[in-house]
Amino acid sequence: MSANTLTKFSLVHLAVTAAITACMLVMPVNASDDHAHELEHQHQAERHDEHGHDKHEDEHGHKDEHDDDHGHKDEHGHDEHGHDEHEEGKVHISPEQMQRSGIATQIAQAGDIKQTVTVYGRTVLPEAASSQVKARFAGLITQMKVNVGDRVKAGQVIAEVESNSSLKRYSIKAPISGMVVERSANAGEMAIDNVLLSIIDDSRLWAEYQIFPAQMRSVAVGQQLLVTGTQQQADSKLEYLLSAPQGQLYQLARAPLDNTNGQWPLGSLVSGYVTLSKQAVGLMIDNLALQEMEGQQVVFVRNAEGFEKRVVELGLRDSQMTEVLSGLIAGEEYAVQKSFLLKADLEKSSAGHVH
């Protein structure tokens, strides 16, 4: 073989070898690109799945958070305002707040439910409880020792007069104890037959009522009655039934009133609840304590932190008291005056926390 031919063969061999080598180098690269593309596509799919899964978890988490928030609201509405202040109708109030609000209490106990008839009248002065003071002998008034509004005692010197006949001074003394309500003379004036002073004793009054024909068969001397005024009341008994003045058809019934402390103004209007019959009951409460809530009769019972609402079943009732059949036991302390403030507080709290 010639050298020239050998050279050509070597060149062809080298070219084939280079081509084969190039193919071997190119094929893995292409495979790697395809594999990388497939991996990238799979990664994107996985990212899509992960994104969807995360979104689902986020939505699920958001839902859980919403449920938690809703649960918190339930807890807030029930625990904070139910268990803390108004659980089962509880109202927190301190003794100082009670005093400022005017809330008063009583003790539930046994007593009598009374059938009564109501009468109306006013306070009057007993006839023997007033005195118009005059001088015994005509003369010159030398001294007046008391003024209108002063209270005097029986036997106290209230004036001095110099007698015209003897020219001697003598003292005028208060015939009764009471208050000076009128003074119509002064020192230096003449006392002849004129009234110098008027005194009334208002420590004991009559509650005087008009009894009309329809009530006359029910009302009698000796019956017990409750006398009530604007802000006070007292137990008494009918002592007199009198004919009305000037031929009126009604009668006048009188019951004594102790006015030592001056709590009954003279001439003030009063009501009277005359007891016709009575029935003993095991437990009763003052009518002022009863409040209606959601169609039920309730009272507010004192506890360590204030009051709690108590539904009660009621029985007999009169003008002042009501029998309690269930819901309360003897000895429990309950709100009477201003109990409606506790009801209002409870209703306000309930309305303010409705979801």
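Strands, rings and a surface patch

Biologist: What is the strand order in the open sheet of four strands?
Modeller: The order is E4-E11-E9-E6, and the pairing is antiparallel. Helices (H or I, at least four residues) and strands (E, at least two) are DSSP runs numbered from the N terminus, and two strands pair if DSSP finds at least two bridges between them. This is a predicted model, where local features need pLDDT of at least 70 and side-chain atom pairs count only at pLDDT 80 or more, while totals for chains, interfaces and linings use all residues. Residues are numbered from 1 along each chain as its sequence is written, and side-chain values use heavy atoms, with hydrogens and water left out.

Biologist: Which strands stand at the edges?
Modeller: E4 and strand E6 (151–152) do; each has a single partner strand, so one side of each is left without a neighbour in the sheet.

Biologist: How many bridges join E4 to E11?
Modeller: Five, and the two strands run antiparallel, with E11 covering residues 195–200. Serine 131 stands opposite isoleucine 199 in E11.

Biologist: Switching to E20. Which residue there is the bridge partner of lysine 90?
Modeller: Glutamate 308. Strand E1 (residues 90–92) pairs with strand E20 (residues 306–311) in the antiparallel sense, over three bridges.

Biologist: And how many bridges join E19 to E20?
Modeller: Six, again with an antiparallel run. Valine 298 has valine 311 in E20 as its bridge partner.

Biologist: New topic. How many aromatic pairs does the count come to?
Modeller: Three. The rule takes rings of Phe, Tyr and Trp (its six-membered ring) with centres within 6.5 Å; planes under 30 degrees apart count as stacked, over 60 as edge-to-face and the rest as tilted. One of the pairs is phenylalanine 137 with tyrosine 170, edge-to-face at 5.6 Å centre to centre and 85 degrees between the planes.

Biologist: Where do phenylalanine 137 and tyrosine 170 sit?
Modeller: They are 33 residues apart, and the pair links distant parts of the chain. Phenylalanine 137 is in the loop between strand E4 (130–134) and strand E5 (139–144), and tyrosine 170 is in strand E8 (residues 169–173).

Biologist: Is tyrosine 170 buried or exposed?
Modeller: Buried, with a relative accessible area of 10%. The cut-offs are under 20% for buried, over 50% for exposed and partly exposed in between (1.4 Å probe, protein chains only). Phenylalanine 137 has 45% and is partly exposed.

Biologist: Which residues form the nonpolar patch on the surface?
Modeller: Leu140, Met190 and Ile192, with about 260 Å² of accessible area together. Areas come from the Shrake-Rupley method with a 1.4 Å probe, and for residues only the protein chains shown count as cover. Patch residues have over 30% relative accessible area and no salt bridge; nonpolar side chains (Val, Leu, Ile, Met, Phe, Trp, Tyr) are joined within 5 Å, like charges within 9 Å. A salt bridge is a side-chain nitrogen of Lys or Arg within 4 Å of a carboxyl oxygen of Asp or Glu.

Biologist: Where is methionine 190 placed?
Modeller: In strand E10 (residues 190–191). Methionine 190 counts as partly exposed, at 40% relative accessibility.

Biologist: Backbone now. What is the phi of glutamate 294?
Modeller: Positive, about 55 degrees, although glutamate 294 is not a glycine. Glutamate 294 lies in the loop between strand E18 (291–293) and strand E19 (296–303) and is exposed at 76% relative accessible area.

Biologist: And what is the phi of lysine 338?
Modeller: About 65 degrees, also positive in a residue that is not a glycine. Lysine 338 is in the loop between strand E23 (333–335) and helix H4 (339–352).
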